[in-house]
Amino acid sequence: MLNVLLADDHQLFREGLANILNAQTDFKVIGEAEDGLEAIVKTRQLKPDLVIMDVAMPGLDGVEATRQIKSEMPEVIVVMLTVRDEDDKLFEAIMSGAQGYLLKSIRSRELLTMLRGTARGEAAITPVMGGRMLEEFRRLSRLAPDEADETPALTLREQEVLGLVAQGAADKEIAVTLQISIHTVKSHMRNILAKLQLAHRYEAAQYAIREGLIRPNQAKPGPNT
């Protein structure tokens, strides 16, 4: 029996997934969470075997919640379930400790098979996404050691956000430019500051210029930096 915690900000989706899992003899949904912070708290309290985690949630997102859960409770299996097919989120989720990354468009039979596989130590990743991961590993292996180690591992999207911050763009402007929500922008900024071990946006902007993410003469830091 796998005890499962569901973390997703859409109640209807949680109810549907809970019905599918509870109809099986080897799954039991023992709790639900509406955001990343609640997922961490519920994981501490309920100690599930498996957490099925949405990527994009209000407040603390699923990737950061996964990072904290795996840091505190490495034995807990976390599988990301998302509507978006984004390489940067895939790599970020796996680096955070997730054992799987699946799209919500997956058929229930395939989902159950992959979730059962995680209990045996298998990764819940489709062949297509597995191929993307292999390609990324090949790309990283071609980098010289000093190239791979000097700069913190920011995702492509984080680099885009950071470059716009260095130009003095506010969160709303970044959201419009990249066609993402302000919540997602703020989530990227939290991740950027954490990875770079910085406390303020203006420090991140200076880093972007210093590391060549944007040319100095293009940077126009304003009051929002």
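**Ground rules.** I'm working from a predicted model, where local features need pLDDT of at least 70, side-chain atom pairs count only at pLDDT 80 or more, and totals for chains, interfaces and linings use all residues. Residues are numbered from 1 along each chain as its sequence is written, and side-chain values use heavy atoms, with hydrogens and water left out.

**Entry 1: α2 and α3.** I took helices as DSSP runs of H or I with at least four residues, strands as runs of E with at least two, both numbered from the N terminus. Helix α2 (residues 36-46) packs on helix α3 (residues 62-72) at about 20°, and their axes are 9 Å apart. Axes here are lines fitted to C-alpha atoms, over the stretch in contact for helices, and angles run from 0 to 180 degrees between N-to-C directions. That angle makes α2 roughly parallel to α3 (under 35 degrees is roughly parallel, over 145 roughly antiparallel, 65 to 115 roughly perpendicular, the rest oblique). From α2, I find G36, A39, I40, T43 and R44 in contact (heavy atoms within 4.5 Å) with A65, Q68, I69 and E72 of α3. By class, I get 4 nonpolar, 3 polar and 2 charged residues; Ala, Val, Leu, Ile, Met, Phe, Trp, Tyr, Cys and Pro count as nonpolar, Asp, Glu, Lys and Arg as charged, and the others, Gly among them, as polar.

**Entry 2: the cores.** A nonpolar core is a set of buried Ala, Val, Leu, Ile, Met, Phe, Trp, Tyr and Cys residues joined through side-chain atoms within 4.5 Å, with buried meaning under 20% relative accessible area (1.4 Å probe, protein chains only). The largest one has 24 residues, and M53, I69, V78, M80 and Y101 touch the most other members. Elements giving it two or more residues are β1 (2-7), α2, β3 (50-54), α3, β4 (77-82) and α4 (87-95). A second, separate core has 20 residues, including L6, L102, I106 and L111.

**Entry 3: α8 and its partners.** Helix α8 (residues 156-166) meets helix α11 (residues 201-210) at about 105°, with axes 8 Å apart. So α8 is roughly perpendicular to α11. L162, V165 and A166 of α8 touch R201, A204, A205, Y207, A208 and I209 of α11. That contact has 8 nonpolar, no polar and 1 charged residues. Helix α10 (residues 182-196) packs on α8 at about 95°, axes 10 Å apart. This pair is therefore roughly perpendicular.

Note on methods:
Buried means under 20% relative accessible area, exposed over 50%, partly exposed in between (1.4 Å probe, protein chains only).
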